[in-house]
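Visitor: Could you walk me through this model and show me how to read its features? I would like the general idea each time, and then the case at hand.

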Amino acid sequence: METLPGNDMIGLEEIHKRFGRVEALAGVSMRIRAGSVHGIVGENGAGKSTLMKILTGFISRTSGTIRFAGREVDLRTPRDADRLGIGMLYQEPLDFPRLSVLDNFMVAAAGHDPGRLRQQLLELSDRFGFSLDPDSAVERLTVGERQQLELLRLIHRRCRVLILDEPTTGISQEQQEILFAALRALRDRGRAIILVSHKLAEVRSLCDRVTVLRQGRVVADQEQPLDEDRLLQAMFGSLPGGQRTVASRETGRPILAMDRVFSGAGRSGLHDVSVSVAENEVVGLAGLDGSGQAVFLRIAGGLLQPDSGSVRLPDRGRADRPAKGRDCRQTVFLPADRLGEGLVPGLSIREHLLLAGDAPFFLAPTTGRTQAEKTIATCNIIGSPSTPADGLSGGNQQRLLLSLIPDRARLILLENPTRGLDVRSASWMWQFLHRRMGDDGAIIFASPDLEEIMARATRIMVFFNGRILLDAPTDRTDLQTVSRAITGRTPEDARLPAA
Amino acid sequence: MKAQQSIENQSPGSRLPLLLIPALALTLVCLLLLVLGLSPLTIGRALASGSVGNWLKFSHVLSVWSPLLLCSCGLLFTFRAGLWNIGIEGQVILGAICCTAVLRLPGGLLPPPAVLTLALLAGGAGGGLWGILAGELRNRGGVNEIFGGLGLNFVGQGLVIWLIFGPWKRAGIASMSGTDLLPPHFWLQSPPGWRVAPVALALAVLTLAASILLLDRTRFGLRLRAAGTSPGAARLFGIEPDRISLQAMFLAGLLAGLAGGLQVTAVYHRLIPAISSGYGYLALLVVMLANYRPLAVPLIALFFACLVTGSIQLPISLQIDSSLAGVIQGACVLSALLVYGLRKEKS
């Protein structure tokens, strides 16, 4: 069963996927041709990952038809996808770090003939211009080399459809060029390649066709030559006017100052970040997941030490060591993973408040109960003083975390603060935060929701690959500039003729 | 490996009866005895009469219970902090060594009761420092506390043997029977007809009460739980998990060292190579069998002490090796882990 270049390799018709009440995919139809590179772009939560998981059999669609080489197929397990020859290169390579390159190559190969497979590995590696040493341990390879190995494994298994998820994050420019050359060669041999990416530059240089997903739907479909402005508009939509709910106020003294901060943490790390945030500022951090926002917040919160550069915070000279009690700290951080990173499973609401406040040394079972009841009432938490944190819903966990912010907090750092909150809870949360922030505080929050940032923040910083590409007051920038930055185009790029 | 998973499994959703644990353990042991051609009933009777047959025997049980309870209380702190303090065995040994060292100082300066008190304190300090050593190896050196502790156990064991055969050897001879007996005024005395020193007993009971108070009724206990369950979140509350775990290691070592001191002053009245009697390891089993619950610890420890004492006479009366006690203890703990595991799975 050979599919000629130009014919449809994969046809999707009206694919729906529901998770409970959430519709992650709301009727996606598209065709992926043999012998082409097909880009799938979209912002966080647009449905890219869900669609790829359906194609690789990790999750099943709720409804819709999938055709493979003209035949209707049912992808129920990863094995089904593998049998058809659909292979995926994940962001984190799925390999066996302790084994050698050759062992990794052999794990999935048919038969066990080390001599022959070594020969095949070397030939393939050579053909694509890779330089893989069969005997080197995989844990000593760079991410780019592990990708190369993974790619060879998929090719050797005669994959006809290759899906790549943000493949250029964390690899060098040189490795990127080698990878792209390999992908082009595979395309010319009739493979269908799906590239999930948010980097417009690589989409432009590699893809024959681009489909834009937004809120679970296909909102645009373009062939080369691409119209970048229209792509951006499709990816990020346009904001209804007059939504800003925050007024810019006079900014005061600086609260947080970072100078030439570098970090290797996270997927993107942080590269040469120098910013200063002052009193009265509400800063929204934008960018695709894993572009450096998480690392930035943790360094600002003193939870992570930068590899180099200096960080100054209001309550202590440097973010070197945590201050004594949470209550005397003026910097608080509310992580996105509320139960995993912010709260202690098994500890009750009352016990959390005791930990956060000035608890006496000896604690009776009633100590802090009245205080807890008061907090539960003022923060509308659904629960009792003895409810454990893991017994609360996501929204109530966030309310509990918010209630733990001390009155004296001056720098409030939040990661995806409205995730899982309905509109009313979100608006309550912002009122609460503004009260806590007072006249001499600042808020920095990361959010995947651009509308939220434009509405709630006085200043926006856009992260791309660990760098801040755009830093501007929200009332003096527009969505186009912001979305360009999210996809890796700086304002300076826009003035240059397209490469 | 963290202990917190096991500490957290007291979920209300699970309804497998806890009675299954003794039932399962009993079945296992009986089957084993039957296979070996022994009568479970005879053995059970021998164990009971050897431990609770009369006051003399029961007081012997209590003399085992006291140090075992001290070690178990110490482990409650480290388990709460999410640590596997395997090094507790070495902490007992170091406590015994430090205690003996003080008692061997040239005398006359202080009255014997004061020296005895100082010696016990030195034992606690020695054990505590040994615990801190394992904790610092973990915090600063990245050595898992299990391996660090195990290594330090061997060092402690080597140290005690070197002392007994070297600097502290008995006049003229060096033997496995240990150092010279301490002068009787350095003994924690037992009343006639008793095999347990009331001071040791009182120390153990007071420690138990203080531990329960500290664990469940203080800010320290709360912080310990937070740091042990979720170090990342604890950091957001201004708690330094590393410091808390060091404090837990010190407390565990302190109590273990005290137990070592009791072994020297109340039980053997000298330093012997097997001064710890394996109570450190046994305490790990006690606390696991108690499912890390403080209130269950004294009862389980008492049961284990009965087994240890009751099995002493087995070789003489029934020609069975006294290691049977260990077999029963092992069967109990395995059954408990199995049942707790199943309960957790079901919830």
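Visitor: How many bridges join strand E13 of chain A to strand E18 of chain A, and do they run parallel or antiparallel?

Guide: One thing to keep in mind: this is a predicted model. Now the general idea: strands of a sheet pair through backbone hydrogen bonds, either parallel or antiparallel. Here E13 (residues 282–286) and E18 (residues 459–464) of chain A run parallel and are joined by four bridges.

Visitor: Which residue is the bridge partner of A:Val283 in E18(A)?

Guide: That is A:Arg459.

Visitor: What is the strand order of the open sheet that holds this pair?

Guide: Reading across, the six strands of chain A come in the order E15-E16-E17-E13-E18-E19, and the pairing is mixed. To find the edges, look for strands with a single partner. In chain A these are E15 (331–334) and E19 (467–473), so each has one side left without a neighbour in the sheet. From one strand to the next, the twist averages 15°.

Visitor: Which strands does helix H16 of chain A lie across?

Guide: H16 (residues 479–486) lies across E13, E18 and E19 of chain A, and its direction makes an angle of about 25° with E18(A).

Visitor: Let us move to the other open sheet. In what order do its four strands come?

Guide: In chain A the order is E2-E1-E4-E5, and here the pairing is antiparallel. Its edge strands are E2 (22–33) and E5, each pairing on one side only. The average twist from one strand to the next is 25°.

Visitor: How many bridges does E1 of chain A share with E4 of chain A, and which residues face each other there?

Guide: E1 (residues 8–19) and E4 (residues 63–68) of chain A pair over five bridges in the antiparallel sense. A:Leu12 has A:Ile66 as its bridge partner in E4(A), and A:His16 stands opposite A:Ser63.

Visitor: How should I read a helix pair, and at what angle do H11 and H12 of chain A pack?

Guide: Start with the angle and the axis separation, then list the residues that meet. H11 (residues 349–356) and H12 (residues 369–378) of chain A pack at about 105°, with axes 9 Å apart. An angle from 65 to 115 degrees counts as roughly perpendicular, and H11(A) and H12(A) are therefore roughly perpendicular to each other. From H11(A), the residues A:Ile349, A:Arg350 and A:Leu353 meet A:Arg369, A:Gln371, A:Ala372, A:Thr375 and A:Ile376 of H12(A). By class, this contact has four nonpolar, two polar and two charged residues.

Visitor: Which domains make up chain A?

Guide: Chain A is divided into domain 1 (8–236) and domain 2 (254–330 + 406–495). Taken over C-alpha atoms, the centres of the two domains of chain A are 32 Å apart. At their contact, 11 residues of domain 1 of chain A touch 14 residues of domain 2 of chain A. On the domain 1 side, H7 (200–206) and H8 (228–236) of chain A give two or more residues, and H8(A) gives the most, with three. That side has five nonpolar, five polar and one charged residues.

Visitor: What does the secondary structure of chain B come to?

Guide: Chain B has 15 helices and zero strands. For overall form, compare the radius of gyration with that of a globule: a compact one with 347 residues would be near 20 Å, and chain B has 21 Å, which agrees. The C-alpha trace of chain B spans about 65 × 60 × 30 Å along its principal axes.

Visitor: How many residues of chain B are in contact with chain A?

Guide: The count is 18 residues of chain B, in contact with 24 of chain A. On the chain B side, H9(B) gives the most, with six residues. By class, that side divides into six nonpolar, five polar and seven charged residues.

Definitions and conventions:
Residues are numbered from 1 along each chain as its sequence is written. Chains are lettered from A and ligands numbered from 1 in the order in which they are written. This is a predicted model: local features need pLDDT of at least 70, side-chain atom pairs count only at pLDDT 80 or more; totals for chains, interfaces and linings use all residues. Two strands pair if DSSP finds at least two bridges between them. Axes are lines fitted to C-alpha atoms, for helices over the stretch in contact, and angles run from 0 to 180 degrees between N-to-C directions. Angles under 35 degrees count as roughly parallel, over 145 as roughly antiparallel, 65 to 115 as roughly perpendicular and the rest as oblique. Two residues are in contact if their C-beta atoms, placed from the backbone, lie within 7 Å. Ala, Val, Leu, Ile, Met, Phe, Trp, Tyr, Cys and Pro count as nonpolar, Asp, Glu, Lys and Arg as charged, and the others, Gly among them, as polar. Domain bounds come from an automatic or database domain assignment. The radius of gyration is taken over C-alpha atoms; the globule rule is 2.2 Å times the number of residues to the power 0.38.
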